[in-house]
Amino acid sequence: MTDPTNHASAEPTTPNADAIRAAVDAAFPGVVAELGRLVRIPSVSWPAFDPAHVAESAEAVAELLRGTGVFELVEIRRAPVEDGSELGQPAIVARRAARNGRPTVLLYAHHDVQPPGKDEDWDTPPFEPTQRGDRLHGRGAADDKAGVMAHIGAIRAFAEASGDFDLGLSVFIEGEEEWASRSFGNFLRENRELLEADAIIVADSGNWDIDTPAITVALRGAVAFNLRVETLAHASHSGMFGGAVPDAMLAAIRMLGTMWDAEGAVAVEGLTSAQLDIPAYDEAQLRAEAGLLEGVSPIGRGSILDRIWAQPAITVTGIDAPDVANASNTLIPSLRVRISARIAPGQDAGEAFEALRAHLEAHAPFGAKLGFEDVDRGQAFLVDTSGWAVAETRAAMAEAWGKPAVDTGVGGSIPFIAELVEEFPGAQILVTGVEDPDSRAHSPNESLHLGVFKRALLSEALLFGRLNARGA
């Protein structure tokens, strides 16, 4: 693979770097053990799962933050969801005020996780952290409990190496990122004074590979909704009426298929693409990282990373209909599908949803009735990389990893970043992470490469050292 564009360190050495590195080395086995304890808590934030586990996870993270001994305040708080109907899941906030003109850094991660899926799809139990070679397996081992522990481990190492320090630190560990961050905006507004910062580090992304760090500079937006399709007032015998009346499954299949063209590229009018600087990335790399089966071709047009970073994508992620085991010779009167779309940077998520709605309504066959429910919209984002915080981060990463960081885009979405920018327009945003191309976040057999984890933790600790040595 051609080496992508990268950036050299602006300054070769972090103050007190040797002591910081020694502190990371000494504490790392304990940090991995604590990460394992967090992984054992099945903190799935989706409504169908027990919220007590998310509350348990919040308590565990709060205790870890208190144990660092550096914060003036550590609390678990909740805020109302967007419509005010209920409180969101518990999040943790912490604050240490800056002194002597030093900047304040807000550290973000999330302690909730995706559902595990079927146990039989996992090689190891999803909530039993299992080390196999250089990788720690388990749901949340990478996304994003490793992000939580990278922050905590970096704070400890920096504090141990530095003693008393002047850098300001705020922490926001969210509890519902995997369920659309529904209380995020309200949480920011209610806790603005605690969270306000000069720079914000979002530790929820990945790296170019296990040897090369990355700063994420482009993120696609997201639009997701449930689509209800109805054609009959009640179920009917497929032998008696099949061939004369359309069932909901037929209508849905015909309609959903119109969202892509023959090459698998999105064919919804009104969804746009972006113009980004795209590094080289070949089909062999795609096949290896995505698990594309032999004989199955990629979809779409343009360079591969352009398709992933700069073009829209649409996925049907779920169907509520009878399963094969319960299938009967019946015309299905209605069904529901979950549609998840990724939106190119530069397009408004609300505009994209309206384009999707208009397309589906225009292509509903046989007069099928449509309903749109549980609509989630998240904005895309482009990071401004011109500020001092990005320059200092590049320098810290180069020192920790031994090679410069790569600027990358991400096909996934972190919609709340746009809300952070709206609430804190003067803050510089940094999107970093602990994942690598084989982490398989959201999938069975999610794992964390421990070498990547250690270097990411060290990078952040070194960044604290650099920021503690500069004025605001």
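**Notes on an aromatic cluster and a helix pair**

1. Start with Phe172: its relative accessibility is 2%, so Phe172 counts as buried (under 20% relative accessible area, with exposed over 50% and partly exposed in between; 1.4 Å probe, protein chains only). Phe184 comes out at 1% and therefore counts as buried too.

2. A word on the source: this is a predicted model, where local features need pLDDT of at least 70, side-chain atom pairs count only at pLDDT 80 or more, and totals for chains, interfaces and linings use all residues. Residues are numbered from 1 along each chain as its sequence is written, and side-chain values use heavy atoms, with hydrogens and water left out.

3. Now the rings. Phe, Tyr and Trp rings (for Trp, the six-membered one) pair if their centres lie within 6.5 Å; planes under 30 degrees apart are stacked, over 60 edge-to-face, and the rest tilted. The count comes to 13 aromatic pairs. Phe172 and Phe184 have ring centres 5.5 Å apart and planes at 35°, so this pair is tilted. Phe172 and Phe187 sit with centres 4.8 Å apart and planes at 0°, so that pair is stacked. Phe172 belongs to strand S7 and Phe187 to helix H4, 15 residues apart. Tyr108, Phe172, Phe184, Phe187 and Phe416 form one aromatic cluster.

4. Elsewhere, helix H2 (residues 51–67) packs against helix H3 (residues 145–162) at about 15°, with axes 10 Å apart. H2 and H3 are therefore roughly parallel (angles under 35 degrees; over 145 is roughly antiparallel, 65 to 115 roughly perpendicular, the rest oblique). Contact residues (heavy atoms within 4.5 Å) include Val61 of H2 and Ile152 of H3.

Notes:
Axes fitted to C-alpha atoms, helices over the stretch in contact; angles between N-to-C directions. Helix = DSSP H or I, 4+ residues; strand = E, 2+ residues; numbered from the N terminus.
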